[in-house]
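Colleague: I have a model open on my screen and would like to learn how to read it. Could you walk me through it?

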Amino acid sequence: MVTRRGFLGSGAAAAASGLVGVAGGSAAATVITNQNQETFAAKRELSFRGNHQMGIEADLQAVTNFVSLDIKPETDRASMLRFMSLITDDIERLASGQPVLADPAPELAIGAARFSAYVGFGPSLFRKLGLESLQPEGFAELPKFKVDRLQPEFSGGDVLIHIAADDPIVLAHGTRGLVRDSMPFATVRFVQSGFAHTPGMVPAGITHRNLMGQVDGTANPKLGTEDFNQVVWIDSGPSWIQGGTLLAFRRIAMQLDTWDQLGTTSKEEVIGRKLSNGAPLTGEKESDTPDLAARHPNGLTVIPDFAHIRRAAPGAEGERIFRRPFSYDAGISKSGSVDVGLLWTAYNRNLETQFIPIQRRLDELDLLNSWTVPIGSAEFAIAGGPGPGEVIAEGLFS
Amino acid sequence: MKKIAVLLASVLLLAGCAPAQQVEISDAWIKSGEMSVQGGMTAVYGTITNKTNNDIVFTGGQTAIAGLVEVHEMAMIDGQMKMQQIEGGLTIPAGQTAVLEPGGNHLMLMQLTGDVLAGDSVSVEFIFEGADSVTLDDVIAKPAEGGDEEYHSEEMEMSN
């Protein structure tokens, strides 16, 4: 069977816009504007190849799946390399809005919609494959924290594929393709689904709100800065992890029934920020630096001792992380209690010197702990980005 | 989108003529599954574009991993859709594209010399009448089922 199939898309589009240009006039301009709005989300692409894997140094997408996998007993280093070959090809195609090879439903590849996916590896994978010598510095299972109420079905895993996009159908279709190609090598341990704002709801770079109403992520290093590089991207150690990072993943349940009983003033003191605009209680706007020393006339600190931002502030040079938290909504009980929270992520070069000291301080004293309960936890070492022609993490498994 | 390496250069230099590219093959993949084991069979899929000004015929292929390679089609045999060899090959008119896909035309590999595992990269030569052959060195093996495929091959004696 011979067909004149596809591949005329971009040429046809160019021809169409050329015709519009000839027609000229405001009517044509309106058509273009409408088309841009209709295809705004679909056409936006994130870059796949480079020093870093995609989907980390990027504004939050609308929807996400964290897919954690456990390798099969027979999976060895050689099969991991074949696994990564498939996943690399899949992500590259999905990130440009193309169907994966052998896609049983290629018609669902309707646009990139800022699709991203990256791959990381848990401490258990290094043990299973005898790769301990290639484990990055400062990377191990997180210690137990007092606040933790961890559930195994939300925790751990040998391999993480973290997928995100601005469109739920694009996400579902991409996730399906990546999971399908994982099945010769691994089984699914968990899939945790989350969301942030729809594109256009908040300007790029503006901090998102979580389901407690707080702006969440204010003190983050800014994307594309040297500061971000210093906090997040590893530049030493085994070659496979250079350009990569370490992820602490936490599923944090919110106790909204009791949180909602607090008044605005109490909520703001728990965090140390104003709910309205995220400004510290000592400032006027979100970007103002909190004045942790400021006191009320009665002598009490303006930002209370138990406030989240005080406890989370760096205790030493370099104690910083990059947070990229999505929300989750797992339903509502018969009595109307919502099962919501965060799929919280911290990216850093070294868990021992960056994330863990911060989390220890929050574990000791943070009034926010009364309403936020970690119920899932995992850690993954995220390989550097694939250069041209390279397979993700090929240096680890070759 | 991934670019597939097309190894035409040496052939063209020897021939002393320089058409940029006669045949373009993209999105090629080979199926990995329960049947793609040593002695078994599998198939190669992809998109073949005839960039010449003449009709060409896709007549077969060659690969180190298979003892027998044929161009197959899906046909109605005894009231059922089955796969069989295309007599004389698959004609691709000038400037047109042929899609090899599960449930349709494909390059059938039989008498496999080893297992084709998910994620393997396989070198496959596509052979044409009216154009130089094209060798792809990185045809990736995808875990895939579907396409309602039932193989019909006299060589394999699998017909009902």
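Modeller: Helices (H or I, at least four residues) and strands (E, at least two) are DSSP runs, numbered from the N terminus. This is a predicted model, where local features need pLDDT of at least 70 and side-chain atom pairs count only at pLDDT 80 or more, while totals for chains, interfaces and linings use all residues. Residues are numbered from 1 along each chain as its sequence is written, and chains are lettered from A and ligands numbered from 1 in the order in which they are written.

Colleague: What share of the 398 residues in chain A is buried?

Modeller: A residue is buried if 20 or more other C-beta atoms lie within 10 Å of its own, exposed if 12 or fewer, and partly exposed in between, with C-beta atoms placed from the backbone. In chain A, buried residues make up 43% of the 398.

Colleague: Why is strand 3 of chain A largely enclosed by the rest of the structure?

Modeller: In a regular strand the side chains alternate between the two faces of the sheet. Here six of the six residues of strand 3 of chain A are buried, so the rest of the structure largely encloses it. A:Ser116, A:Tyr118 and A:Gly120 are buried on one side, and A:Ala117, A:Val119 and A:Phe121 on the other.

Colleague: Which strands does strand 3 of chain A pair with?

Modeller: Two strands pair if DSSP finds at least two bridges between them. Strand 3 of chain A runs antiparallel to strand 4 (residues 159-165) of chain A over six bridges, with A:Val119 opposite A:Ile161. Strand 3 also pairs in the antiparallel sense with strand 10 (residues 372-382) of chain A, over two bridges; there A:Gly120 stands opposite A:Ile382.

Colleague: What should I make of phi at A:Ala113?

Modeller: Most residues other than glycine have a negative phi. A:Ala113 has a positive one, near 50 degrees, and sits in the loop between helix 3 (77-95) and strand 3 (116-121) of chain A. A:Ala113 counts as buried because it has 28 C-beta neighbours inside 10 Å.

Colleague: And B:Gln111, buried or partly exposed?

Modeller: Partly exposed, because B:Gln111 has 15 C-beta neighbours inside 10 Å. B:Gln111 lies in strand 8 (residues 106-112) of chain B, and its phi is positive too, about 55 degrees.

Colleague: How many residues does each chain give to the contact?

Modeller: Two residues are in contact if their C-beta atoms, placed from the backbone, lie within 7 Å. Chain B gives 22 residues and chain A gives 21 residues. On the side of chain B, strand 1 (23-32), strand 7 (97-100) and strand 10 (134-143) each give two or more.
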